[in-house]
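User: Please take a close look at one loop of this model and at the side-chain contacts connected with it. Continue from there to the other local features, and state the cut-off behind each term.

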Amino acid sequence: MLFRLSALWARIELTCAALLAVCVTGLILLNVITRTAGNALFWVDELAIYAMVWMTFLGASAALHHRNSVSITLLTDAVPDSVRRIIDKVVDIIVFAFALAMLWLCWRWFLPLDIARAGFDRTAFQGATFNFIYAEPTLTLGLPKYLFWLVMWVFALGATLHATMHLLSKPGAAK
């Protein structure tokens with residue numbers, strides 16, 4: 001069941017990443033056209049960057065599910081199969097620890113309970129925590145940056161799901 005959930009989430013991540021790739025292409029094309037026409041839309045650059053960042057994080061999380069992240073296999077190719085499985089499980093533990101660390105860092109950064117305790121009042125939250133994450137706007141879009149930084153939560157949750165699935169599966173079962 002955990003494998004199916006991880007596979008479904010990876011498909012969703014890849015679908016969203018593909019749509020974002022199309023958006024990035026369209027935004028860059030729009031940018032070229034408007035600059036050539038002498039009427040540049042400066043927000044297009046910023047939106048294209050944020051779309052690329054989201055695409056990258058979603059793709060990286062899905063790559064964890066499929067085990068096709070960039071890796072150096074010089075050692076694992078040279079050792080017997082039993083040792084390779086041990087190395088793979090150690091890597092799974094490291095990825096799981098990284099994913100949990102990402103969740104913890106997102107929790108510390110966004111402080112969801114603190115913003116809720118402040119009644120979602122940004123000024124009260126900032127005064128109590130000296131955390132200005134919910135007040136900072138993007139440069140040209142004028143939207144709160146935390147909306148774009150939410151990809152860190154999406155990545156951390158997806159990476160934790162995929163890493164947990166690999167950690168609990170038998171070696172070689174979820175490839």
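Analyst: F130 is found in the loop between helix 6 and helix 7; helices here are DSSP runs of H or I with at least four residues, strands are runs of E with at least two, and both are numbered from the N terminus. The model is predicted, so local features need pLDDT of at least 70 and side-chain atom pairs count only at pLDDT 80 or more, while totals for chains, interfaces and linings use all residues. Residues are numbered from 1 along each chain as its sequence is written, and side-chain values use heavy atoms, with hydrogens and water left out.

The backbone at F130 has a positive phi of about 55°, although this residue is not a glycine. Most residues other than glycine have a negative phi. F130 is also exposed, at a relative accessible area of 67%; exposed means over 50%, buried under 20% and partly exposed in between, with a 1.4 Å probe and protein chains only. R67 likewise is not a glycine and has a positive phi of about 55°. R67 sits in the loop between helix 2 (42–66) and helix 3 (74–78) and is partly exposed at 32% relative accessibility.

The ring of Y134 pairs with that of Y146, the centres being 4.9 Å apart and the planes at 70°, so the arrangement is edge-to-face. Two rings of Phe, Tyr or Trp (its six-membered ring) pair if their centres lie within 6.5 Å; planes under 30 degrees apart are stacked, those over 60 edge-to-face and the rest tilted. Y146 is partly exposed, with a relative accessible area of 23%.

Y134 also pairs with F125, again edge-to-face, at 5.3 Å centre to centre and 70° between the planes. F125 is buried, its relative accessible area being 1%. These rings belong to a cluster in which ring pairs link W107, W109, F110, F125, Y134, Y146, W149 and W153. Aromatic pairs number 10 by this rule.

A salt bridge involves E136 and K145, with their closest N and O atoms 3.0 Å apart; the term requires a side-chain nitrogen of Lys or Arg within 4 Å of a carboxyl oxygen of Asp or Glu. E136 is partly exposed at a relative accessible area of 35%, whereas K145 counts as buried at 15%. Elsewhere, salt bridges that share partners join D81, R84, R85 and D88 into one network. Within it, R84 bridges to D81 with 2.7 Å between the closest N and O atoms. R84 and D81 are 3 residues apart in helix 4 (residues 81–110), so about one helical turn separates them, and D81 is partly exposed at 43% relative accessibility.

A further salt bridge brings together the side chains of D45 and R35, at 2.6 Å from N to O. D45 lies in helix 2 and R35 in helix 1, so the pair ties together parts that are 10 residues apart in sequence. Both partners are partly exposed, D45 with a relative accessible area of 29% and R35 at 41%. The count of salt bridges comes to 8.

Turning to the cysteines, the model has 0 disulfides, a disulfide being a pair of cysteine sulfur atoms within 2.5 Å. For C23, the nearest cysteine sulfur is that of C16, 10 Å away; C23 is partly exposed, at 39%. For C106, the nearest is again that of C16, at 18 Å, and C106 counts as buried at 2% relative accessibility.

T160, in helix 8 (residues 151–168), is buried at 13% relative accessibility. Not counting residues up to four places away in sequence, T160 touches F96, A99, L100 and L103, where contact means heavy atoms within 4.5 Å.
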